[in-house]
Amino acid sequence: MSLITTLILADFTTPERVGVTALSMLWLLPLALSVAVVYKATKVSEVRAVSFIRESVVLFASIIVFMLVTAVALLGIAWLVT
Amino acid sequence: MPPRSKENHIVFLLTVGLAGWLIPGGGHFILKERARAIIIFAAIVLTFAMGLYIGSIGVVNPVTGKLAYAAQIMNSPAVAAIGRFTKGGDYAVFGKPNEIGQIYTSIAGLLNLLCIVNAVYLAHLKETERARA
């Protein structure tokens with residue numbers, strides 16, 4: 001097995017370091033993008049590059065905005081309760 | 001092309017569903033929806049691979065993570081092969097990497113399930129339209 005193959009396989013057998021910090025929330029972004037792209041791939045009647053990208057970006061932005069609004073609302077509730 | 005018989009129609013729908021499970025986007029590829037198939041394949045494989053990269057193959061565990069495994073297996077039967085490696089507990093992973101890795105791989109599986117259902121529905125629609133024409 002070549003060194004490169006070994007290194008690639010090693011990457012998938014050792015977990016990454018992910019701290020319990022606010023920055024770890026950024027892992028949400030690639031997942032939201034994936035959800036938006038796959039969902040739009042099943043919904044659009046015809047896949048055309050420009051319109052597909054535009055619709056996926058709009059859905060991606062909607063997901064992020066909604067999650068931000070939810071986070072702020074939950075923070076507000078937590079602030080009121082504690 | 002003449003419409004398929006009812007039995008052949010069911011076999012065709014099952015084939016489309018099975019192809020979508022074997023390879024993400026495979027169902028759409030059979031339906032000649034090439035662009036859709038490529039997008040689905042790339043997005044689902046990248047999401048699943050990213051989950052394995054973050055949490056290691058230990059996030060796929062049919063013994064300790066049964067619920068997540070039920071969603072992960074929707075990606076492809078290849079997940080079962082990973083599960084055979086990890087069920088012994090040699091690749092145990094804990095904390096945030098486990099959490100994020102399981103979320104990524106499970107969501108990828110559920111997205112593939114959505115695509116399988118969509119491919120089968122498209123196949124049924126195409127067949128119905130062909131029968132009407």
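In the predicted model, helices H3(B) and H6(B) pack with their axes 7 Å apart and at an angle of about 160 degrees. An angle over 145 degrees counts as roughly antiparallel, and H3(B) and H6(B) are therefore roughly antiparallel to each other. The crossing of H3(B) past H6(B) is left-handed. On the H3(B) side, the residues that meet H6(B) include B:Ile40, B:Ile44, B:Thr47, B:Phe48, B:Gly51 and B:Leu52. Their partners in H6(B) include B:Pro97, B:Ile100, B:Gly101, B:Tyr104, B:Ala108, B:Leu111 and B:Cys115. By class, 13 nonpolar and eight polar residues make up this contact, with no charged residues.

Helix H3(B) has 22 residues, which at 1.5 Å a residue should span 32 Å; the C-alpha atoms at its ends are 32 Å apart, in agreement with that value. Among the buried residues of H3(B) are B:Arg36, B:Ala37, B:Ile39 and B:Ala43. B:Ile40, B:Ile44, B:Thr47, B:Phe48, B:Gly51, B:Leu52, B:Ile54 and B:Gly55 are also buried, and these residues take part in the contact with H6(B) as well. An α-helix has 3.6 residues a turn, so residues three or four places apart point the same way. The buried residues of H3(B) pack against H2 (26-30) and H6 of chain B, and also against helix H2 (28-43) of chain A. Just after H3(B), B:Ser56 adopts a positive phi of about 75 degrees.

The contact between the two chains draws 25 residues from chain B and 19 residues from chain A. On the chain B side, helix H3 (34-55) and helix H6 (95-132) each contribute at least two residues. The largest share, twelve residues, is supplied by H3(B). The side of chain B that touches chain A comprises 19 nonpolar, four polar and two charged residues.

Chain B as a whole contains six helices and zero strands, in the order α-α-α-α-α-α along the sequence. Along the principal axes, its C-alpha atoms fill a box of roughly 55 × 25 × 15 Å. Chain B has 133 residues, of which 47% count as buried. Of the contacts in chain B between residues at least 6 apart in sequence, 72% join residues at least 24 apart.

Terms used:
Residues are numbered from 1 along each chain as its sequence is written. Chains are lettered from A and ligands numbered from 1 in the order in which they are written. This is a predicted model: local features need pLDDT of at least 70, side-chain atom pairs count only at pLDDT 80 or more; totals for chains, interfaces and linings use all residues. Helices (H or I, at least four residues) and strands (E, at least two) are DSSP runs, numbered from the N terminus. A residue is buried if 20 or more other C-beta atoms lie within 10 Å of its own, exposed if 12 or fewer, and partly exposed in between; C-beta atoms are placed from the backbone. Two residues are in contact if their C-beta atoms, placed from the backbone, lie within 7 Å. Ala, Val, Leu, Ile, Met, Phe, Trp, Tyr, Cys and Pro count as nonpolar, Asp, Glu, Lys and Arg as charged, and the others, Gly among them, as polar. Axes are lines fitted to C-alpha atoms, for helices over the stretch in contact, and angles run from 0 to 180 degrees between N-to-C directions. Angles under 35 degrees count as roughly parallel, over 145 as roughly antiparallel, 65 to 115 as roughly perpendicular and the rest as oblique. A crossing is left-handed if the near helix is turned anticlockwise from the far one by less than a right angle, and right-handed if clockwise. The expected span of a helix is 1.5 Å times one less than its number of residues.
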